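Dear colleague,

I am passing on a structure that may be new to you, and below it I have set out some notes on what was found. Please read them with the sequence and the model open beside you.

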Amino acid sequence: MEMQTVKFYQTGTFTVGNRLLDENERSVQANMERTNSLNSGHRACQGCGEALGARYAIDAAMRVTGDKLIAVNATGCLEVFSTPYPETSWQIPWIHSLFGNAAAVASGVAAAMRVTGRSDVRVVAQGGDGGTTDIGFGCLSGMFERNDDVLYICYDNEAYMNTGVQRSSATPPAARTATTMAVGKEPGNVFGTGKNVPLIAMAHHIPYVATASVANLRDLEFKVTRAMNVHGARYVHIHVPCPLGWGSAPADTIKVARMAVESGLFPLFEAEHGEVTGRTRIRHKVPVTEYLKLQKRFAHLFGKTPDQERLDQIQAIADKNIRTFGLIDTELAHG
Amino acid sequence: MDKPFAITLDVGSSLANKTGSWRTSRPVYLDRLPPCNNACPAGENIQAWLFHAEGGDYEAAWRELTQNNPLPAVMGRVCYHPCEDACNRGKLDAAVGINSVERFLGDEAIKRGWKFPAPPKESGKRVLVVGAGPSGLSAAYHLRRLGHAVKVVDAGPMAGGMMRFGIPKYRLPRDVLDAEVKRIADLGVEFEYNRKVENIRDTMTEGKFDAVFLAVGAHIAKRAYIPAGEAAKMLDAVSVLRDMEGEEKPMLGRRVVVYGGGNTALDVARTAKRLGASEAIIVYRRNREKMPAHDFEVEEALQEGVMIKWLSTIKNMANEGTLTVEKMKLDEKGFPQPTGEFETLEADSLVLALGQDVDLSLLEGVPGLAIKDGTVQVAPNMMTGYPGIFAGGDMVPSERTVTVAVGHGKKAARNIDAWLAGGTYEPAPKHELADFEKLNAWYYTDASKTVRPMLDIVRRTSTFDEVVSGLDETNALFEARRCLSCGNCFECDNCYGVCPDNSVIKLGPGKRFEFNYDYCKGCGICVSECPCGAIKMVPETI
């Protein structure tokens, strides 16, 4: 009789928890004592991906640092929905200054901790894609090149959602926003624009850069934990669907994020000192349409006569990501 | 008034903001009916016992299983597992090997000597069970656990009924059957063998029984008129299989022809092979698609060298053993029609496996009984037309399998219990079905079904060793963990993790979860991301 030696745990680490795993192998989010850094009562929309991503990331950072953590927040949805005066949803020390200076303020907090001898207290800066890739980009680049001891987390929902869904430099091609209407010859956001901040962060040769998604909790917690275990400037870029801005069903937030990862449109990788050192493989590859059709901002690509040319262009972006980052294990792939 | 300029409020927590008021529909936890449970004729709560097995608590799993079925080691060998046909995992890779895990648990119980708990209190009622087959054993077990004094009488020399006298040893070793019967006897059930009940009402009065459950098996072979010479050796399948249990094994010869297309025909043909026949040929009047025998048994028989002659009927048997066989063809309705083409087949013996009947003579003179097509008609509560006489198994119109019989026994026991107390048994309402569409299969890891090792072909055709052997502990655990837990929370923490509003309260191991409706905005992510479909959205009432 052949012996079965494969360890098998029903859902493995795909689910948040798993009663079959040892306590110390479980996720932060499965813990009954998790911090809930971003507490209930916040005013984010139903099914907000950013609220979820922020709790995932900050709870993980809190566990690594033994709850000795200060967060600096850029202006944006996350700041507005969590702290309408006099209420706050944050259960950690938290400061907000301006839209564009979160990285600079965080550098200052880190310096203050250093000069007061509080080397045990760590600093996180966080903002949306607008505050990170556009408005706060100068400060962010400065923080990187000085290698300040800050983890900067960008919650990327691909537009300015708080002010009414305007385009940012993280808005993907063809997406409809309030400022890139789905009209004319090239409906939605134009192709060939925008910037990839994780790659730009890598170009600063900082100790650690990673991308993560709310669809893969264990991967996200692993990367935040890793980031907090090193010093210097670090950057984690988290993909967080926005039901309001993307026109997706609130219940589908994680599904949408999952399809972005599984199609290859949002590659999950890690880089150390400017070099890609790890990638999270695609589990069941899907065509980009599986991701796009869940969102009204891409509705103009479908309908009676699908815009095949643009769909092909978007598929080409996904395929390039898969090639560049090695998202499919060619040795293990079969069929 | 020591607040800064323009500030009038104290700083507070957002918990003051009850976002639950935004909600138009709310998530609720529910248990849905897993397809396996729905398909089980014995009404086992399969998902529940697999849940314990997944965690490695085999005794808890066995105790959960035996709430509904006292014969897991038998069942894990002879059940045709309709649960596996219904299993949602079949749509992912292959169905969970429920039957093999059941057998592992049954064997483990025998090995470890696990016993049933004594009934909490005695009811003072006496129930007679006629027939110690699967249905009678099941009823006796359930009645005893409900506190009734139970006596089982059987016309045969030992317990088991058709399980002993109809199922070959290579499918059900007798020590396994004996161990599970003994466990029921240890519970305080009284057995009397070699006693045929001639008149049921007299037996009831003499023994002062308050109720009776009739579970007589179908031991009488159906005959077909086949003209045969006086020296021609023609036998029936039931007696061949019964004689296998005695000292004198049946003499079938080197060329054996079996007539019929059910599982019994296959049992006889495979038994003949093991007795040394060089040829075992099944003659069946229709084709393989129409054959009532289970596909895997046909497959195993063919592997062992049994031959099957499709679309053929036997016209007569001459003295020296020559059979005249007529070829048939199916008409458009699928019925076989004669073609007028004949051929001959040499056979040392012909075994008829054309179905079986139940001996209903014990019911003569009982008023109010309705008998139709050789079976006793019963109400939905398994009671015959005569108050206090219940019937099940082969005696009543139904599919004749061990599992169905066990299910009848349980159902009858619950109804007898209620009837004895002067009430009626109300089964719990069925939950809605957890079909595949209710699941989020993304979350389950990929794993193929652990196939039970098969005895080497040569070895199994020449001996009566068990053909299919069991799983060991590691692969039984592996197999149990392939369960998707359809429709029933298995505490994966997904709802607790994916809620953007922290509105799911984790209550701790074994206690599942609760919603905090003060803050739940009703987004429904928990419903979408629940792997097993144990949450649903319902509209809020205003």
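**Notes on the structure**

Asp373(B) is found in the loop between β17 (371-372) and β18 (375-376) of chain B. Please bear in mind throughout that this is a predicted model. The phi of Asp373(B) is near 50°, which is a positive value in a residue other than glycine, and with a relative accessibility of 74% this residue counts as exposed.

Asp493(B) also has a positive phi, near 70°, and is again a residue other than glycine. Its loop runs between α16 (473-480) and α17 (494-498) of chain B. Is Asp493(B) buried or exposed? Its relative accessible area is 4%, and buried means under 20%, so Asp493(B) is buried. As background to both of these residues, most residues other than glycine have a negative phi, and most peptide bonds are trans.

That background also bears on chain A, where a cis peptide bond with an omega of about 5° joins Tyr85(A) and Pro86(A). Pro86(A) sits in the loop between α2 (77-82) and β2 (87-88) of chain A.

On the α2(B) side the contact is made by Ile46(B), Trp49(B) and Leu50(B), which meet Ile98(B), Val101(B), Glu102(B) and Leu105(B) in α6(B). By class, this contact of α2(B) with α6(B) has six nonpolar residues, one charged residue and no polar ones.

From α7(B), the residues Pro134(B), Ser135(B), Ser138(B), Ala139(B), His142(B) and Leu143(B) take part, and among their partners in α14(B) are Val402(B), His408(B), Lys410(B), Arg414(B) and Ile416(B). The residues of this contact of α7(B) with α14(B) divide into eight nonpolar, five polar and two charged.

His148(B) belongs to the loop between α7 (134-145) and β4 (149-153) of chain B. With a relative accessible area of 3%, His148(B) is buried. Leaving aside residues up to four places away in sequence, His148(B) touches Ser123(B), Lys125(B), Val127(B), Leu143(B), Asp417(B) and Leu420(B). The C-alpha atoms of His148(B) and Gly262(B) are separated by 38 Å, and the two residues lie 114 residues apart along the chain.

Finally, helix α12 (residues 263-274) of chain B has twelve residues and reaches 17 Å from its first C-alpha to its last, close to the 16 Å expected at 1.5 Å a residue. Eleven of the twelve residues of α12(B) are buried, so this helix is largely enclosed by the rest of the structure. The buried residues include charged side chains as listed by name, among them Asp267(B), Arg270(B), Lys273(B) and Arg274(B). Just after α12(B), Gly276(B) takes a positive phi of about 110°.

With kind regards

Terms used
Residues are numbered from 1 along each chain as its sequence is written. Chains are lettered from A and ligands numbered from 1 in the order in which they are written. This is a predicted model: local features need pLDDT of at least 70, side-chain atom pairs count only at pLDDT 80 or more; totals for chains, interfaces and linings use all residues. Side-chain values use heavy atoms; hydrogens and water are left out. Contact means heavy atoms within 4.5 Å. Helices (H or I, at least four residues) and strands (E, at least two) are DSSP runs, numbered from the N terminus. The expected span of a helix is 1.5 Å times one less than its number of residues. Buried means under 20% relative accessible area, exposed over 50%, partly exposed in between (1.4 Å probe, protein chains only).
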